[in-house]
Amino acid sequence: RQLPIGNLVAFRAPMLVEADGMIDEEDIIKGEFIYSDDAINFCWEIPNLDSFGAVAYQRLFNTQIAHILSNKYLNKPIEMDGDDFIVHAEHDQGGIIQQKGKCSVSITYSTNSIAIGHTGINITAGRRAPAHAFSTNLTDDQTTNFMTDVIDMFYALNDDIFIATTKVIV
């Protein structure tokens, strides 16, 4: 059942999306496929959004997720680069030491006025992930609590937005 404020599903699973499963042309051209040994996945749908609204919502939602992850779990700064979470922390990915890394993947699109999106957060990026991948290394308890925090934020945010759309008299 679709709620008027949208729906969210969160789960923990590895990610593997190669060329034939990709829908982001930019990533296909760059040959940047999606891989994570262990990740938190948030899949959402919001009714009554066109493609512009879907991307705007994705950016808002991801920024809120980054805020929770940065302040409550990693205690490291996270910069948003479009829809990507860039964690400013030294890390080793595949033997390469870097000062910052990307811990997320995200995509959205709109079909029949319904926005559908996915945001994945690496727990363990793994050997097959690109060199710029960042592993959050959240514990099992942190992972469960983080998913709960994001679910709570999603419904509070969307409820607030929905109420704001109904209080204006035109």
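Predicted model: local features only at pLDDT ≥ 70, side-chain atom pairs only at ≥ 80, totals over all residues.
At the start of α2, which side-chain oxygen reaches to within 3.2 Å of the backbone nitrogen of F52? The oxygen belongs to D50. Residues are numbered from 1 along each chain as its sequence is written, and side-chain values use heavy atoms, with hydrogens and water left out.

View 1. Helix α2 covers residues 51-74, 24 residues in total. Helices (H or I, at least four residues) and strands (E, at least two) are DSSP runs, numbered from the N terminus. From first C-alpha to last, α2 reaches 32 Å, close to the 34 Å expected at 1.5 Å a residue. The expected span is 1.5 Å times one less than the number of residues. At the start of the helix, D50 contacts the backbone nitrogen of F52 through a side-chain oxygen. After the helix comes N75, with a positive phi near 50 degrees.

**View 2. The largest nonpolar core.** This core has 31 residues. A nonpolar core is a set of buried Ala, Val, Leu, Ile, Met, Phe, Trp, Tyr and Cys residues joined through side-chain atoms within 4.5 Å. F42, F61, I65, L69, I121 and F146 touch the most other members. Two or more residues each come from β2 (34-47), α2, β4 (84-87), β9 and α3 (140-166). The largest share, nine residues, is from α2. In soluble globular proteins, nonpolar side chains tend to be buried together.

View 3. Eleven of the 14 residues of β2 are buried. Buried means under 20% relative accessible area, exposed over 50%, partly exposed in between (1.4 Å probe, protein chains only). β2 runs antiparallel to β9, joined by ten bridges. Two strands pair if DSSP finds at least two bridges between them. The bridge partner of F42 in β9 is T119. Beyond four places in sequence, F42 touches residues including L8, F61, I65, I121, F146 and V150. Contact means heavy atoms within 4.5 Å.

**View 4. The β8-β9 hairpin.** Strands β8 (residues 104-111) and β9 (residues 114-124) run antiparallel, with eight bridges. T108 stands opposite G117. Two residues lie between the strands. In the turn, N112 has a positive phi of about 50 degrees.

**View 5. The three-stranded open sheet.** The strand order is β3-β4-β7, with antiparallel pairing. β3 (78-81) and β7 (101-102) are the edge strands, each pairing on one side only. Four bridges join β3 to β4. D81 stands opposite D84 in β4.

**View 6. Surroundings of Q98.** Q98 is found in strand β6 (residues 96-98). Leaving aside neighbours within four places in sequence, Q98 is in contact with A89, E90, H91, Q93, A131 and H132. A polar atom of the Q98 side chain lies 2.2 Å from the backbone oxygen of A131. The C-alpha atoms of Q98 and A133 are separated by 9.8 Å, with the two residues 35 apart along the chain.

**View 7. Two cysteines.** The structure holds zero disulfides, a disulfide being a pair of cysteine sulfur atoms within 2.5 Å. C43 is partly exposed, at 27% relative accessible area. C103 is buried, at 0%.

How values were computed. Polar contact = N/O pair within 3.5 Å; in protein donor to acceptor, adjacent residues only side chain to side chain.
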